[in-house]
Amino acid sequence: MALIDDGQGDRDCDVLVVGGGPSGSAAAYWLASAGHDVVLLERKHYPREKTCGDGLTPRSVRQLEEMGLGDELARSGHRYEGLRSHGFGRTLELTWPSHPEIPAYGYVITRKDLDALVAERAEKAGAEVWEGAEASAPVLDDGLLRGAVVTRKDAPGAAPLRVRARYVVVADGAGSRFGRSLGTTRDRSHPLGMAIRGYYRSPLHDGPWIDSWLDIRDRNGDVLPGYGWIFPVGDGRVNVGVGLLSTSNQWKSVNTTHLMASFVETAPPEWDLRPETSCGAPTGGRLPMGLSVGPHVGPTYLVVGDAGGSINPFNGEGIAYAYETGRMAADAVHLALASGDGMALRSYQQALTDRYGLYYRVARNFVRVIGQPEIMKVLVSTGMRNRTMMEWVLRIMANILRPDELGPAEAAYRSLAALARLVPLPAP
Ligand SMILES: Cc1cc2nc3c(=O)[nH]c(=O)nc-3n(C[C@H](O)[C@H](O)[C@H](O)COP(=O)(O)OP(=O)(O)OC[C@H]3O[C@@H](n4cnc5c(N)ncnc54)[C@H](O)[C@@H]3O)c2cc1C
């Protein structure tokens, strides 16, 4: 339902940000830091849960440190040094590589804590953060988006307010009802992810690695394109989950709850994952990836984070891309406000293409290739015997390549495509 506005809102501002997850809070932080009048709407109250693996790669850490949150992260998060991969009876410990601009460590921190920290940071920078405030409908003016009708979740029955803005940043996550009401759609030819996670109390809650198992299997014993994980939260708990890609033929028939249950049952006993150590039923969600949702730019608005399908198809990581797209959108909106020229919003599309175009093309094709169980099996079993190859894989998948290394990433994809042609495919 779009509201045709008749002039003044209950609150007028430069920029309205819809959604206070990583992408929205980052956009609000950078815009407020640049001196703009920003209202951020979050329909829940902080601290609030968000279903997630809680894993921050170095790419996320960099963004948080650049928002001035390095000390808080070190205090509230559990720092880890790299990835421990398991598969086909082998284990490889891979520390994060060094990079001129990206730190060589990550953190595990619950989203309950993390998202509250970043929203608070945006508020300190000058953004007005409205909690319990849902953007329930767009406000349109001559067909242009000019704000939102806001329903106060904590004041049922109260008349909705209208926030009017020159520009709107749509950051309402994977479901993106607000984005959909503006006409965003997911390109179904792109892969989609599905993941589920739960917390367990574990004696190994504060280890130096995040662990992933690359040989999760379906009922027929076929290796699935995805992985199981155990991430140490550092507060007595581990975050346990499985993620799966839509590129496998079995996608529709796999029940993630069952997959998760069998992953937990077969996890090595030292983790002590049992019904008695479970902290509650697991919850899941969808992972829109590879910039599969668009358009990202409208005449007066930009779409960021999961609302724009910005998750990395290689590894299902979305937090770093939410911070980055939020920041890139803030740059474009700042340009539009500073120049008085709304066309400047288009620079956001160009920035997305420049930063992710080639990388996401490689990633999308890669995940199509590994949708074939024969190839997934050959790749993982080969990789697990070859440390150098896995070090490369880690750098590619976590997107910690230097610009001069993007060529080899494309070359790596071409080798995978060649391999795909060699392996006999099942009849369609
Ligand atoms: C099971 C699972 C595990 C994952 N594990 C990881 C991981 O370990 N590491 C990683 O990097 N990524 C992970 N991801 C992906 C990651 O969670 C997302 O990419 C990330 O949360 C995207 O941030 P966002 O700000 O775009 O959206 P969200 O985090 O979804 O934030 C959107 C916010 O908008 C609010 N909102 C929605 N609609 C409205 C409205 N109309 N008005 C006001 N507010 C609104 C919501 O309440 C929410 O707070 C995982 C995802 C899943 C499902």
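How many nonpolar, polar and charged residues does the shell around the ligand have? Some notes on that and on the helix packing follow.

1. Ground rules. This is a predicted model, where local features need pLDDT of at least 70, side-chain atom pairs count only at pLDDT 80 or more, and totals for chains, interfaces and linings use all residues. Numbering starts from 1 along each chain, following its sequence as written.

2. The ligand shell by class. To take the opening question: the shell has 16 nonpolar, 14 polar and eleven charged residues. Here Ala, Val, Leu, Ile, Met, Phe, Trp, Tyr, Cys and Pro count as nonpolar, Asp, Glu, Lys and Arg as charged, and the others, Gly among them, as polar.

3. Who is in the shell. The ligand is surrounded by 41 residues, and G21, G53, G173, G305 and G318 are the closest. Two or more shell residues come from each of α1 (22-33), β3 (38-42), β10 (133-141), α5 (177-182), β14 (192-201), β18 (283-288) and α7 (319-339). Helices (H or I, at least four residues) and strands (E, at least two) are DSSP runs, numbered from the N terminus.

4. Domains. The protein splits into domain 1 (3-80 + 101-187 + 289-359), domain 2 (192-288) and domain 3 (372-422), with bounds from an automatic or database domain assignment. Domain 1 and domain 2 each give the ligand shell at least three residues.

5. Domain 1 against domain 3. Their C-alpha centres are 32 Å apart. Nine residues of domain 1 are in contact with eight of domain 3, contact being C-beta atoms, placed from the backbone, within 7 Å. On the domain 1 side, α2 (58-66) and α8 each supply at least two residues. That side has five nonpolar, three polar and one charged residues.

6. α1 with α4. These helices pack at an angle of about 20°, with axes 8 Å apart; α4 covers residues 111-124. Axes are lines fitted to C-alpha atoms, for helices over the stretch in contact, and angles run from 0 to 180 degrees between N-to-C directions. So α1 and α4 are roughly parallel (under 35 degrees; over 145 is roughly antiparallel, 65 to 115 roughly perpendicular and the rest oblique). The crossing is left-handed, a label for a near helix turned anticlockwise from the far one by less than a right angle, with clockwise giving right-handed. On α1 the contact uses P22, S25, A26, A28, Y29 and A32, and on α4 D115, V118, A119, R121 and A122. Those residues divide into eight nonpolar, one polar and two charged.

7. α7 with α8. Here the angle is about 150° and the axes are 9 Å apart, with α8 spanning residues 347-369. The pair is therefore roughly antiparallel, and the crossing is right-handed. M328, A329, A332 and L335 of α7 meet S347, Y348, A351 and L352 of α8. By class, this contact has seven nonpolar, one polar and no charged residues.

8. α2 with α7. The axes come within 8 Å and cross at roughly 40°, which makes α2 oblique to α7. This crossing is left-handed. R59, S60 and Q63 in α2 meet I319, A320, Y323 and E324 in α7, a set with three nonpolar, two polar and two charged residues.

Note on methods:
A residue is near a molecule or strand if its C-beta atom, placed from the backbone, lies within 6 Å of it. Two residues are in contact if their C-beta atoms, placed from the backbone, lie within 7 Å.
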